[in-house]
Amino acid sequence: MTLLARHLPGRVRPSATRRTRRRSAAALVTVTACVATLASAHADASTPTYRDARAPVQQRVADLLGRMTLKEKAGQMDQIAVARMQGDCEWSGGALDETCMKTVLDDHATGSVLSGGGMGPEKNTPADWARMVNSVQKYAVENSRLHIPVLYGVDAVHGHNNVLGATVFPHQIGLGATWDPGTVRDSGAATARAVAATGIDWNFSPVADLARDQRWGRSYETYGEDPLLAGTLAAAATRGIEHAGGAKRVAATVKHFAGYSEPSNGHDRVPADVSMRYLQDTLLAPYRRAIESGADSVMVNSGAVNGVPATSSRYLLTEVLREQWGFKGVAVTDWEDIRALQTKYKVAADYPEAIALAVNAGIDMAMEPYHAKEFTEGLLTAVRRGLVKEKRIDEAVARILRLKFELGLFEDPYVDPDRADDAVLGADRALARKAATDSQVLLRNEDATLPVPRDARKIVVAGSYADDIDNQAGGWTIGWQRVPEGVELPGTTVLEGIRAAAPKGTDVVHATTEDEAAEQAATADLNVVVVGEKAAAEGEADTPRPELSADQQALVKRIEASGKPVVVVVIAGRPLALGDAAGTDGLLMAWLPGTEGGHAVADVLFGRADPSGRLPVSWPKKTGNEPMYYQQLPGTNAGTESAYDAAYAFGDGLSYTRYSFDGVRPARSSVAPGDPVRLKVTVSNTGRRSGELVVPVYVSRPVSEVLAPARKLAAFTKVRLAAGQSRTVELTVPARVLAVTPGDIDGAGTPRVERGAYEFTAGGKTAKVSVR
């Protein structure tokens, strides 16, 4: 969203055949035909079918739809910001105002409400959030003609991050560094439980975009640059959110469909121009994997792709999402994106025409947060003009109602505010600490500087980010951009974590100025310099030069001049070109680790945990080579840095123990084009302490019809190994992972697995498989 807020996903099947499409169309006709008969059959019944919890959801949807006026249906397709019902109802915040609630929820029958970043109750406690959401639901249920509850959405993108006192998890880029679907699933489930405790039933998470350009301000909201890694983790998050357990279920949202992370100049929401082959083979893959995990909704890309705004793309929203992938859930826009079709993109002459473009493309709900009346009247005008058929509106509203029924909102839309504080405040801190610890990526450790020696008696901690919980939490925390001034976020900073972890008798000195740091460094056993970037969100977080600031580089260089060991800890949402700060004895990437991040950093520094994180993105040597990603295609280029030339490559990371890859064996030496490839990889821990090892398998093509990268992630897992232990793990590479779009420059073909030789590599060991 822009200003204060934003975001959303559905339930899926593999790609539909022509017969499946005919069945889907027939089912839709059946539902539509049921509307009149069911409405007639139950019109005089004491309990309407739609109020009968024992009736099948499909029948309840058809019955309710048949009772609704066109205006009520139009209202269901709108999502309004709660700020339009608070205070003076003009973004002032404060208490809910009943007059404005009447306008939004009664007069215009709005179907959904959201709290964007910074839009909470007067007092930011879990109990007050629950009371606010209950009040909105109560007004909607008691005052709408048919007593329809609302869907209430929020961007809980790293824990229930809008609520003060809720545990803030690492942002997605940090979770990407864990390479651990289990941790990501558990983090999603913990978030869903906190969200549900405050009455909210719709979470605009996870993000399935790719981070391939460090300039883009939303890189930290992704799981990384690789489609398999990002899709696997987004699918895990979706399952965690939607199957968290508890009395209230929360819907997940896969966003931002599709191609949002490819702005042509690195700035948020700038249009993307990509080839059809790149779109099909790379960009769409993570969304599909996440959607097929069972997501209830999809949030659509705010940007344009190949000259067409995604919000008005029938190709993306109907042909791909519905017909090819079989998605059955709700497709929602991002912040004010339908209006943008008229005001920004200028592909519509007026607002009703913009609404028609989006709805006909496949949008079910419009996040048009300012004006309930304008959207409702605009959609009705589009119908009167013949631009939108009522049948299409019925289809969209049926999806929205089905989600409300499946979430149990018609039976019990409320929560108990008296239980909210206990359920949210400080909940799942141990899990957040584990997630943050597992996300730490150790990239340099010269002369075994780490873990901190047991005989270290003086540790100097320097850098403005060492004792800064707000920037450690990152954007989308309490406020949209960052923690607002004057708000004290509970949590543990890196400095506090080091002090708590240091052995008794170790002096931890916090140097607050460069001169003090230089003076103290001369007598230190170890210097820890904590550097980073300021928390921000969306466009404000864009930067044309993603590098460490000059003053921070100077600080590191001056401390290095002491001749004592220096470890740099980076608190940032993306890799930063380090300049003069490169080449220190130690380098630890901590990402945006959340409120337990201080303990996590200390756990790794002091060796309480073995660093098991691996880079989910490439780390540039210097700025100017963006976008950068390891799957760069080969060419005849030979200029300096024109090929993939990273300071630290995708997948890099060190441990305190040693591992070996002892062999890769395929189950069969040849497979059919549609068959999966099954591999066994033997790994060993040859060191003296236990640890967790990421086991990635990459695939390459000796010869390919179309350009293929030197390597592509084909499968991965993570295993714990005790010192001296060996283990053989089995991995499966689905045929879809090997598929590419054949043909010429136009990329007009359907993705398929080419016949020929494939090489699978893990840790330097290679196995060959033929597709025949």
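A residue is called buried when its relative accessible area is under 20%, exposed when it is over 50%, and partly exposed in between (1.4 Å probe, protein chains only). By this rule T623 is buried, because its relative accessible area is 16%. The structure is a predicted model, in which local features need pLDDT of at least 70 and side-chain atom pairs count only at pLDDT 80 or more, while totals for chains, interfaces and linings use all residues. Residues are numbered from 1 along each chain as its sequence is written, and side-chain values use heavy atoms, with hydrogens and water left out.

T623 sits in the loop between β17 (619-620) and β18 (646-648); here helices (H or I, at least four residues) and strands (E, at least two) are DSSP runs, numbered from the N terminus. Leaving out residues up to four places away in sequence, T623 touches R545, P546, E547 and A577, where contact means heavy atoms within 4.5 Å.

A contrasting case is R688, in the loop between β21 (677-685) and β22 (691-700). R688 counts as exposed because its relative accessible area is 84%. Beyond residues up to four places away in sequence, R688 touches T657 and A723. Between R688 and D645 there are 43 residues in sequence and 33 Å in space, C-alpha to C-alpha.

Strand β13 (residues 507-511) contains V508, which is buried at 12% relative accessibility. Apart from neighbours within four places in sequence, V508 is in contact with I459, V461, L495, I498, R499 and A502.

Turning to the interior, a nonpolar core is a set of buried Ala, Val, Leu, Ile, Met, Phe, Trp, Tyr and Cys residues joined through side-chain atoms within 4.5 Å. The largest such core has 157 residues, and L105, F257, V681 and F760 have the most contacts inside it. A second, separate core of 66 residues includes V566, V568, M589 and W619. The contacts of F257, setting aside neighbours within four places in sequence, include L284, Y287, V298, M299 and W325.

L105 also takes part in a helix pairing: E98, M101, K102, L105 and D106 in α4 meet S135, V136, Y139, A140 and N143 in α5. The residues of this contact divide into 5 nonpolar, 2 polar and 3 charged, with Ala, Val, Leu, Ile, Met, Phe, Trp, Tyr, Cys and Pro counted as nonpolar, Asp, Glu, Lys and Arg as charged, and the others, Gly among them, as polar.
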